[in-house]
Amino acid sequence: MKAPRERAFSLVELIATVGTIGVIAAVSIIALVGWRQGVDSTKLTSDVQTLNSAVSAYQSFHGKVTASDTAETVLAKLKTKANAESAKKIAGLTGSLVDERMTFSWQTAAEAATSEPRAYWDSANLKFTVATSGPPGIKSVRFDSTGDSDSAATETRNPTMSLAVEDDWIWDYEDRAPASQQGPSNIPTNPSTGGTGTGYPGGGSGPGGPGGGSSGGGSGGNPSTLQVPLFTVTETYHPISDFPLGVGLTNPNPSGSSEIIYSTDGYNWNEYTPGVLFYVDPLDRIFAKAVSVDTDVWRDSGVTNQDYDATPEQLIAPTIIPSSGVMSEDTIYVQLTNPNDPEISVIEYRIDGGPWTSYDGTFSLSSNDYDLDIEIEARAVPTTDYYTESSISSDLVVVVEEITDLSGSVVGLFSNPGGDSTMVTNLHGNGQSNSYFTWGSATGANHVSSLDFAGSDFSSINEGVAFQLGSLSYYNGTISSGTGADSVSLGVELDFVQGGKKKFDFSFDLINTSNNSDPNADPWLSADYVQIDSAVSTSLLKIGSDNYYEFTLIFGETTSYGLSNFDEFHVQENQSASVAVWGVFEKVDPPSKGKGNGNNGNAYGLLDLVDEVLEDAGNAADNAAGVIVN
């Protein structure tokens, strides 16, 4: 019996089978692509219907869309909610009409060249529409999973008939002008295709007009979409002191292709002038877009936006200015200055840790109310957003009962020089002061005359005991006649460690003697000198509740080429010398007891003090006096 012969495919049968399988696969792929496109088209159509329903609801409940809006600004408006003031008046929906995470996905130029569906905002009919040709449009509506689902911005909505706020009926009613009729849409829904060409995207191939050239889209092709403007300030947060913040826009599109418009609320659009800044406030959101000047070549850009907000800033602490840092008066007056804008802050103060009090002007402190040192504190408090309370500034008013409690340092300043109209000096009569004073025009190789005061520190002041204030250096120059000074004021300011300053004013006479040309003559005969016009200051220092002291200035020991007695300091011609400057406090009767400034009866005490100072300095007072007299 023969074994059965096995049957196999012939080559022809095998080729036929593979071909059949390929045909079936190709048909399946075509069907699958068509099914996918159908799904995308159905979903986009459904999304557009939903968006249009949201637009209708938004308008029904007093939202406003206009012909100048774009798809992005409409979507931004649908995400807003009525602000608190508007919500009080609206009967109906006041929240957002779409999810805040909703966003658009736009076609590329390549995708727009196909027949895939895309959506546009129809500005004529104020609704979204779907087309299968035209420039790049919205290909899908999607959700941004990284977005905030509860971040709706607020806007003002103005209903024609609102819940009663101003009337006693159910509704408030206000006549409003009807909206103007909008013009036709310029969105192409079935544009012709252009001929071949290379240029900006939009030139295609077909039986239409010429395509895009090397400098732009073709007049017969699809217009190219402009790029959105660029903000010159792209950071959201800035210090509050930078506001109003200057912002500009730049146009990245070809010159002459477009203009820029911008808005701070999405409604009121303004034309932007290139190079000119506009100013924004915190929480402003700025919208901007490029608008085509030739719609055959260019299509308006989308809308871009930028948010701006402020970071909090701490206020500057106030300055405390007491009339004295030492309670040496029955009453001390305290002034506070606010370095911040009074529109954003107020000042508060407190005494010795007491309650904070609003500052409304200079206040006083009485020595009778305090036995110890007085601490004054002040702070600046914000009255508007974006500012925080300042640090606390403080000052201490020291209640001093005895003069021995005082210590500190000395500053001496010259001012108000006097002389002929031809006087030459480094100081002028407009309030200038300096520790260094020069006068006169030098003759030949000589130098001008000068005085230089250098202050020193002091401590443990005792009544009737002299203490050194500093030193006075005097250069006696040879100067031209008529250019010298006759007088100058010296303000001696004592800066107390315990707090506060006290200034004592003195006037110096500048005595210029005639120079003796005899080289063998006594050089002291040509010596010029400084004389204290009045050695006792008219200012009194008060310590405690009823202790008054007068202040006396005295010249002490000198260096070579100088001689002094208590109120005169002589220096030889074209020589320099220094003299110690001493001060002394003498207790006097209070001025209210009718004894003037307390100088009565102190003349002999002052002379004794002068002798003591001169003796301590190692000078022979009588010899010095003899030279001066001669």
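This is a predicted model: local features need pLDDT of at least 70, side-chain atom pairs count only at pLDDT 80 or more; totals for chains, interfaces and linings use all residues.
1. The pairing of strands 22 and 23. Strand 23 spans residues 331–337, and its antiparallel pairing with strand 22 runs over four bridges. For a reader who wishes to find this place in the model, Pro322 stands opposite Val334 in strand 23.

2. Aromatic pairs. A search of the whole structure gives 22 aromatic pairs. In one of them, Trp121 and Phe128 have ring centres 5.0 Å apart and planes at 65 degrees, and the pair is therefore edge-to-face, since planes over 60 degrees apart are counted in that way. Both residues of this pair, Trp121 and Phe128, are buried. The pair of Phe504 and Phe551 is tilted, with 4.6 Å from centre to centre and 35 degrees between the planes. This second pair links distant parts of the chain, as Phe504 belongs to strand 37 (residues 501–511) and Phe551 to strand 40 (residues 547–558), 47 residues apart. Phe504 and Phe551 are likewise both buried.

3. An aromatic cluster. Beyond the pairs described above, one aromatic cluster is formed by Phe414, Phe437, Trp439, Tyr474, Phe508, Phe555 and Phe569.

4. The surroundings of Arg379. Which residue forms a salt bridge with Arg379? The partner is Glu348, and the closest N and O atoms of the two are 2.7 Å apart. This bridge also links distant parts of the chain, with Arg379 in strand 27 (residues 374–382) and Glu348 in strand 24 (residues 345–351), 31 residues apart. Arg379 has a relative accessible area of 16% and is therefore buried, while Glu348, at 17% relative accessibility, counts as buried as well. The charged end of Arg379 also sits over the ring of Trp356, at 4.0 Å from the centre of that ring.

5. Other salt bridges. The structure holds 10 salt bridges, and one of these joins Lys77 to Asp69, whose closest N and O atoms are 2.8 Å apart. Lys77 and Asp69 are both buried. A further salt bridge is made by the side chains of Asp505 and Lys503, at 3.7 Å from N to O. Here Asp505 counts as partly exposed because its relative accessibility is 48%, and Lys503, at 45%, counts as partly exposed too. Separately, salt bridges that share partners join Glu348, Arg379 and Glu389 into one network.

6. When neighbours within four places in sequence are left aside, Ser526 is in contact with Asn476, Thr513, Ser514, Asn515, Asn516 and Glu573.

Key. Residues are numbered from 1 along each chain as its sequence is written. Side-chain values use heavy atoms; hydrogens and water are left out. Two strands pair if DSSP finds at least two bridges between them. Helices (H or I, at least four residues) and strands (E, at least two) are DSSP runs, numbered from the N terminus. Rings of Phe, Tyr and Trp (its six-membered ring) pair if their centres lie within 6.5 Å; planes under 30 degrees apart count as stacked, over 60 as edge-to-face and the rest as tilted. Buried means under 20% relative accessible area, exposed over 50%, partly exposed in between (1.4 Å probe, protein chains only). A charge sits over a ring if NZ of Lys or CZ of Arg is within 6 Å of the ring centre and within 35 degrees of the ring normal. Contact means heavy atoms within 4.5 Å. A salt bridge is a side-chain nitrogen of Lys or Arg within 4 Å of a carboxyl oxygen of Asp or Glu.
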